[in-house]
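Here is a short report on a protein model. Have the sequence and the 3D view at hand while reading.

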Amino acid sequence: MERTQKAEAIETLKAQFSKMSSAVFLDFTGMTVGEVSKLRDVFRAKGVEYKVVKNKLVQKALADHSWAPGLNSALRGMTGVAWSFEEPSAAARAVKEFQKENEKLKIKAGLLEGQVLGPKAVSEQLATLPNKDEARSMLLATFMAPMQTFVRLLAAPATQFAGVLAAKQRKDEG
């Protein structure tokens, strides 16, 4: 790779890392071309960008960040990076789902808002974050709960009064 090509690749990587919401670093050693193609299809369907990268170029692209040294141990051997742009958990979920079928795919590390995550944190925490729709529904339920309780409390005296009248009517008839 020529110097100008390296500089362009570094700039491209910088752009990807600057606009991402999260990234997952993967080791795909031992996977066949067909398996990697299937992985790329899964990523494409989830809106995740995936690229096989040179470790040195990633190190140079991230050199300006204080958290970059935390990734040095992950940037060894064959490395693929899956970037999520909309939902932080999209790449981690796709990897976790794909790992059920193919155990050769290994998580090296993750990156979320300038914090380096280990493989276990990526699969157990990042992959379980709610997506946008789930988060919206949880927020809406939280907003609605006080109002539902308020309406129930307003209706309680009328309900109890109706119960007292019904009991009085049964007593008078009996």
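Glu113 sits in the loop between strand 4 and strand 5 (115–117). This is a predicted model. Phi of Glu113 is near 50 degrees, a positive value in a residue other than glycine. Is Glu113 buried or exposed? Glu113 is exposed, because its relative accessible area of 74% is over the 50% cut-off.

Ser89 is also a loop residue, placed between strand 3 (79–84) and helix 4. Its relative accessibility is 1%, so Ser89 counts as buried. Leaving aside residues up to four places away in sequence, Ser89 touches Leu126, Leu129 and Pro130.

Next comes helix 4. Helix 4 has 12 residues, which should span 16 Å at 1.5 Å a residue. The end C-alpha atoms of helix 4 are 18 Å apart, which agrees. Which residues of helix 4 are buried? They are Ala90, Ala91, Ala92, Ala94, Val95 and Phe98. These buried residues pack against strand 1 (22–27), helix 2, strand 3, strand 4 (106–112) and helix 5 (119–124).

Helix 2 (residues 33–46) and helix 4 (residues 90–101) pack at an angle of about 145 degrees. Their axes are 10 Å apart. The crossing of helix 2 with helix 4 is right-handed. Helix 2 makes the contact through Glu35, Lys38, Leu39, Val42, Phe43 and Lys46. Helix 4 contributes Ala90, Ala91, Ala94, Val95, Glu97, Phe98 and Glu101. What is the make-up of this contact? Its residues divide into 8 nonpolar, no polar and 5 charged.

Now the aromatic rings. How many aromatic pairs does the structure hold? It holds 3. One of them joins Phe17 and Trp83, with 5.4 Å centre to centre and 75 degrees between the planes. That pair is edge-to-face, because its planes are over 60 degrees apart. Phe17 lies in helix 1 (residues 3–19) and Trp83 in strand 3, so the pair ties together parts that are 66 residues apart in sequence. Phe17 and Trp83 are both buried. Together with Phe25, Phe17 and Trp83 form one aromatic cluster.

Notes. Residues are numbered from 1 along each chain as its sequence is written. This is a predicted model: local features need pLDDT of at least 70, side-chain atom pairs count only at pLDDT 80 or more; totals for chains, interfaces and linings use all residues. Side-chain values use heavy atoms; hydrogens and water are left out. Axes are lines fitted to C-alpha atoms, for helices over the stretch in contact, and angles run from 0 to 180 degrees between N-to-C directions. Helices (H or I, at least four residues) and strands (E, at least two) are DSSP runs, numbered from the N terminus. A crossing is left-handed if the near helix is turned anticlockwise from the far one by less than a right angle, and right-handed if clockwise. Contact means heavy atoms within 4.5 Å. Ala, Val, Leu, Ile, Met, Phe, Trp, Tyr, Cys and Pro count as nonpolar, Asp, Glu, Lys and Arg as charged, and the others, Gly among them, as polar. Buried means under 20% relative accessible area, exposed over 50%, partly exposed in between (1.4 Å probe, protein chains only). The expected span of a helix is 1.5 Å times one less than its number of residues. Rings of Phe, Tyr and Trp (its six-membered ring) pair if their centres lie within 6.5 Å; planes under 30 degrees apart count as stacked, over 60 as edge-to-face and the rest as tilted.
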